[in-house]
Amino acid sequence: MISFRHPLARSAVYHSSSFGDRRRAHLDLADLLREEPDRRAWHLAAATVGPDQDVSTALQHTADRARRRGGFAAAAAARQRAAELSPRREDRARLFGEAAADAVFTGQLGWVEHLAAAVRDCYDDPALLREAALATGRLMSLGSHHTAAFAQLMRVAAEADIESSVLLDALAAAAVVRYYSGEDSQYHEIRSLLSRVPDEPASAAMHSWVLAVCDPGGAGASLVPVLPKLIAETKGDHQRLTALAIVAWLLDQTALAARTFDEAFDQWRAHGPVPDGLGCAVGWTRLDQGRWAEARSVAADIAATASVAGLDHAEACARVLDATVVSLLGDPAAARRLVDRALSLVDPLESRSVAVFARRALGMAAVAEGDYDTAYAQFRAAFTGDGEPVHYHVSHTVLAELAAAAVRRGERQHIAELLERSVRRLGAGMSARLAALIDRGRALLADPEHAEPFFRAALADPAGEQWPFERAQTRLDYGEWLRRRRRIAEARPLLSAALETFQRLGARPWIERARAELRAAGIEATGAVPGALAELSPQQQQIVRLAARSLTTREIGERLFLSPRTVSSHLYRVFPKLGITARSQIRDVLEGALPDTGVQS
């Protein structure tokens, strides 16, 4: 075995040798590596100077294995080299195109463009050229220049045959850009081309995707009844299943979206990790469901990979998702830092979805601080001066919060008019979630003696349990309204239910508000979730006590003679029992509540 003191020495020896010597060394190594097909394929490729179908095929198998592991860069490199060694021009073009599709998820636009140019150079098949151009457009959409990405994708769609899958794929990618940008003119262009697509069962899922992404309100009435059937018919196709899960999220079918995401992700894992750019929708779904720790985990994963790959829009989406959770947990300063990072990555006029999500996060951070003037300004900025939504989907999610802030600001009449205008715009396609938010807003904006029917309407639909934080906010508002009218017996169950939800979620500012309302209603609320401590084993109680003292996972493990992984596993299982979603909440929830376990600090 020869070892080198420095990698440059190894490189110098290699490159100073003649090609013949290097070729013989690669062939010798390939012969020794028959049990390691991927390394063997690369040594054979390094020893090959002309077209060789066997080596090209071996590299294609290497690329397939790399993709299943989530190694998109390795897969793209292997397919690129397989293309260079393929004897037939048609195969070279196809492999360059497949390499470009894999390279999309590396974020290296220059590489994707180089591979797309290689397709053009070696073969003039229009279908392959469009596939390569589609890969370029998809990658551009994950960056920050959505106008250019949309133009690229629409050129591909306009040139595609009506029967070609490329047409729907390009329109589907263009719909994503339309969602990111919020630009209405783009929707009209997409609809014009979508009308050319034959209405066939095979294309139903993607057709639904395009309509829902472009216009959730308009598509909701017709899509919601058939969505479960479309999902059932898409079993086994992880890409289509993911698309329909996103449709379910957009249409506020949150429970269905969560189940479909879980099924789709299980299938993705069988083929390799979920590509960057698909994860934020599942993160928002987790947030809506009250699974905040999972939402933060999704955001962290996307932000880390997108930052390395230079996928600015994907990273910005992840940052505002995380900022929203952090604001609800009661850390406004951290939320503002995350929003600042997100907005530094995009142009708000080209990425209206990020801009409005950012406004929502900043508004909730201000609410957490009790700064309702700032909250009002942030929520109001989700609409134009004349009341039009800045983003056709995200803006409507702040209507109830805008109403709450407006009441404290004395802007009741103006915002009541904006809310009713939104109701007319949403029409029959309004989801149960939006209906509940609007009824909550109407209740808050109404004269006090006329508010109760709206509170009851906001809580009437059992579907509202899909959105626990929003449900708890409405219960808190209604309980407060009842208490102020001295209907204490009716107020207490609502306030208690709201507090229980806020404690389970870890929504610290809302916990304090609910406790104050309960005290005013004659009930002194405890800090811990009822019954939670009884569910902890003695060892879990030891771990929680030490974690509350800010010891690290490793330090806890050293004291209790456990591995860090075991400690982390126990904490992961303890969080739901305590009704928290972050380690920083342990001290507040458990202060003085655990019996002494004999662990010394």
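## A366 in helix α21

A366 is buried, with a relative accessible area of 3%; buried denotes under 20% relative accessible area, exposed over 50%, and partly exposed the range in between, computed with a 1.4 Å probe on protein chains only. This residue is found in helix α21, where helices (H or I, at least four residues) and strands (E, at least two) are DSSP runs numbered from the N terminus. Not counting residues up to four places away in sequence, A366 touches D371, T374 and A375, contact being defined as heavy atoms within 4.5 Å. A366 and Q540 are separated by 174 residues in sequence and by 35 Å in space, C-alpha to C-alpha.

The structure is a predicted model, in which local features need pLDDT of at least 70 and side-chain atom pairs count only at pLDDT 80 or more, while totals for chains, interfaces and linings use all residues. Residues are numbered from 1 along each chain as its sequence is written, and side-chain values use heavy atoms, with hydrogens and water left out.

## Other individual sites

E401 is found in helix α23 and is buried, its relative accessible area being 10%. With residues up to four places away in sequence not counted, E401 touches M364, F379, R440 and Q473. D439 has its place in helix α25; it is likewise buried, at a relative accessible area of 13%. Its contacts, again not counting residues up to four places away in sequence, are F454, A457 and A458.

T384 is found in the loop between α22 (372-380) and α23. T384 is partly exposed, with a relative accessible area of 30%. From T384 to A489 there are 105 residues in sequence and 42 Å in space, C-alpha to C-alpha.

Two cavities of 30 Å³ or more are counted. A cavity is a set of points, on a 1 Å grid over the protein atoms alone, where a 1.4 Å probe fits but cannot get out, and its lining residues have an atom within 4 Å of a point. Grid points are joined across faces, edges and corners, and a volume is the space filled by probe spheres set on the points. The largest cavity holds about 230 Å³ of space. It is lined by 17 residues, of which R360, R433, F469, E470 and Q473 are the closest to its centre. Two or more lining residues come from each of α17 (279-289), α19 (312-329), α21 (352-369), α23 (399-409), α25 (432-445) and α27 (468-484). The lining comprises eight nonpolar, three polar and six charged residues, with Ala, Val, Leu, Ile, Met, Phe, Trp, Tyr, Cys and Pro counted as nonpolar, Asp, Glu, Lys and Arg as charged, and the others, Gly among them, as polar.

The second largest cavity has a volume of about 80 Å³. Its lining consists of R433, A436, L437, A458, G464, W467, E470, R471 and T474, and α25 and α27 each supply at least two of the lining residues. By class, these residues divide into four nonpolar, two polar and three charged.

## Nonpolar cores

The largest nonpolar core has 177 residues, and those with the most contacts inside it are L171, W209 and F502. Such a core is a set of buried Ala, Val, Leu, Ile, Met, Phe, Trp, Tyr and Cys residues joined through side-chain atoms within 4.5 Å. Helix α10 gives the most to this core, with 13 residues. Leaving aside neighbours within four places in sequence, W209 is in contact with A172, V176, A243, I246 and V247.

Helix α10 (residues 165-181) has 17 residues and reaches 24 Å from its first C-alpha to its last, close to the 24 Å expected at 1.5 Å a residue; the expected span is 1.5 Å times one less than the number of residues. Of its 17 residues, 16 are buried, so α10 is largely enclosed by the rest of the structure. The helix is followed by G182, whose phi is positive, near 70 degrees.

Helix α5 (residues 72-85) has 14 residues that should span 20 Å at 1.5 Å a residue, which agrees with the 20 Å between its end C-alpha atoms. Its buried residues are F72, A75, A76, A78, R79, Q80, A82, A83 and L85. What covers them includes α3 (37-46), α4 (53-68), α6 (89-103) and α7 (109-122).

Key: On a 1 Å grid over the protein atoms alone, a cavity is a set of points where a 1.4 Å probe fits but cannot get out, and a pocket is an open set with protein on both sides within 12 Å along at least five of seven lines; lining residues have an atom within 4 Å of a point.
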